[in-house]
Amino acid sequence: MAPAFSYRRFQFAATISTLGESRGWVSVDVTTADAERIADLGTERFLHLERWVERNEPDFLQVVVDECKVAVDHYADNVDDS
């Protein structure tokens, strides 16, 4: 499990769990307190991403977290970053 952290006014929470013998399952929730940026008002999520990965290791978790950061960067750069 990765610690929760903030990135560009969004809060990230990421976990990795065992899936089978060596594979992992990554789940990343990206939330925000800014109601105008919430994609799902029922969950306060901006983004939720789940992926299976080849290994249940932190490096594989980081790849999925980085994918979410790219999505946040794309969104924030196109809207605003004030």
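Start by selecting alanine 14, which stands opposite valine 28 in β3. The model on screen is a predicted one.

Strand β2 covers residues 10–19 and strand β3 covers residues 23–31; they run antiparallel and are joined by 9 bridges.

Now show the whole sheet. It is open, with 4 strands in the order β1-β2-β3-β4 and antiparallel pairing. At the edges are β1 (5–7) and β4 (45–53), each of which pairs on one side only. On average, neighbouring strands of this sheet are turned by 25° against each other, direction ignored.

Move to the nonpolar side chains. The largest nonpolar core has 15 residues, and the members that touch the most others are Phe12, Val26, Val28 and Val30. Elements giving two or more residues to this core are β2, β3, β4 and α1 (58–79). The largest share, 5 residues, comes from α1.

Select phenylalanine 12 and display what surrounds it. Not counting residues up to four places away in sequence, phenylalanine 12 touches Ala4, Phe5, Tyr7, Val28, Asp29, Val30, Val65, Cys68, Lys69 and Val72.

Last stop: threonine 32, in the loop between β3 and β4. Is threonine 32 buried or exposed? Its relative accessible area is 7%, which is under the 20% cut-off, so threonine 32 counts as buried. Leaving aside neighbours within four places in sequence, threonine 32 is in contact with Arg9, Phe10, Gln11, Arg37, Ile38, Glu44 and Phe46. To finish, draw a distance from the side chain of threonine 32 to the backbone oxygen of arginine 9, which the side chain reaches at 3.4 Å.

Key. Residues are numbered from 1 along each chain as its sequence is written. This is a predicted model: local features need pLDDT of at least 70, side-chain atom pairs count only at pLDDT 80 or more; totals for chains, interfaces and linings use all residues. Side-chain values use heavy atoms; hydrogens and water are left out. Two strands pair if DSSP finds at least two bridges between them. Axes are lines fitted to C-alpha atoms, for helices over the stretch in contact, and angles run from 0 to 180 degrees between N-to-C directions. Buried means under 20% relative accessible area, exposed over 50%, partly exposed in between (1.4 Å probe, protein chains only). A polar contact is a pair of N or O atoms within 3.5 Å; within protein, one must be able to donate a hydrogen and the other to accept it, and residues adjacent in sequence count only if both atoms are side-chain atoms. Contact means heavy atoms within 4.5 Å. A nonpolar core is a set of buried Ala, Val, Leu, Ile, Met, Phe, Trp, Tyr and Cys residues joined through side-chain atoms within 4.5 Å.
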